[in-house]
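Let's take a walk through this protein together. Have the sequence and the coordinates open as you read.

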Amino acid sequence: MLFGDLLFKGLRVMALIKLLHTPKGVFIYDAITNSIAKILSENLLYDNLTDFNTETIRNVLGRQYSPEEKIEISPPLNYESLKYLIQHNCSQLVLSVTEQCNMRCHYCAYHDRYDVDIPPKLMSLTVAKKAIEIFIKNSIGLSEIIISFYGGEPLLRFELIKECVLYARKLSLGQHIKFHITTNGLLLNDEIVKYLEENRFVVSVSIDGPRFLHDRYRVSINNKGTYDIVIN
């Protein structure tokens, strides 16, 4: 539960307390005192299923606790309406098709650990298709939707991407599907560029600026600068 004195999309929420469930137990965070205390038994927190036990909370927090400091939510829609919106208005699907990358950027947390810590995890076509099926089904209320391909370096899975595009268009229930890809640019060649253009992809290319800045950090597996390749 997160409490705060604010209005957000029709929801009225008050107080500043959050329960933290961790492998080492349950803790309660109090934003007013900026402190965390461990709870011996979560069952002691409640007078019933919804109301905090005032005395227990006061003992845990070490401060006076008002019964008004509990969550107060007034949804603008009933449950069925909210469920309908969630199941019919998914606007974007992001497919992380691989965790592998063909660069070793110095500021990447994994730049010197790929071969040790990052196994060659690849999204299977079966998983990708299932995600697309769920997404298409849950976006029927929209006229335009987006499928994005991400990584690692997604163009390492170019053949999978082409399969996903064909499958999404086959399943479309009338939605116009836009495709997006984020790439470091190293694998862009005439074949891939032609495909992306023909299928009207929105393409985001990662580049850090002029050569002296880009090549300082964005290097290949062989620790060579990649600026000229990307620019070409």
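We begin with confidence, then move to the core and finish with the cysteines.

Please keep in mind that this is a predicted model. The protein chain has a mean pLDDT of 81, and 76% of its residues reach 70 or more. Two stretches call for some caution. Over residues 1–15 the pLDDT stays under 50, although the model gives this stretch 46 contacts beyond four places in sequence. Residues 70–75 also have a pLDDT below 50, with 18 contacts beyond near neighbours in sequence. Where pLDDT is low, the predicted coordinates should not be read in detail.

Now turn to the largest nonpolar core, which has 26 residues. Those with the most contacts inside this core are Leu-95, Ile-132, Ile-147, Phe-149, Phe-179 and Phe-201. Strands and helices both build it: β6 (92–96), β7 (144–150) and β8 (176–183) each supply at least two residues, as do α4 (125–137), α5 (158–171) and α6 (190–198). The largest share, seven residues, comes from α5.

Finally, how many disulfides does the model have? The count comes to zero. Cys-101 is in no disulfide, because the nearest cysteine sulfur, that of Cys-105, is 6.2 Å away, and a disulfide needs the pair of sulfur atoms within 2.5 Å. Cys-101 is buried, with a relative accessible area of 15%, whereas Cys-90 is partly exposed at 27%.

Note on methods. Residues are numbered from 1 along each chain as its sequence is written. This is a predicted model: local features need pLDDT of at least 70, side-chain atom pairs count only at pLDDT 80 or more; totals for chains, interfaces and linings use all residues. Side-chain values use heavy atoms; hydrogens and water are left out. pLDDT is the predictor's confidence in each residue, from 0 to 100. Contact means heavy atoms within 4.5 Å. A nonpolar core is a set of buried Ala, Val, Leu, Ile, Met, Phe, Trp, Tyr and Cys residues joined through side-chain atoms within 4.5 Å. Buried means under 20% relative accessible area, exposed over 50%, partly exposed in between (1.4 Å probe, protein chains only). Helices (H or I, at least four residues) and strands (E, at least two) are DSSP runs, numbered from the N terminus.
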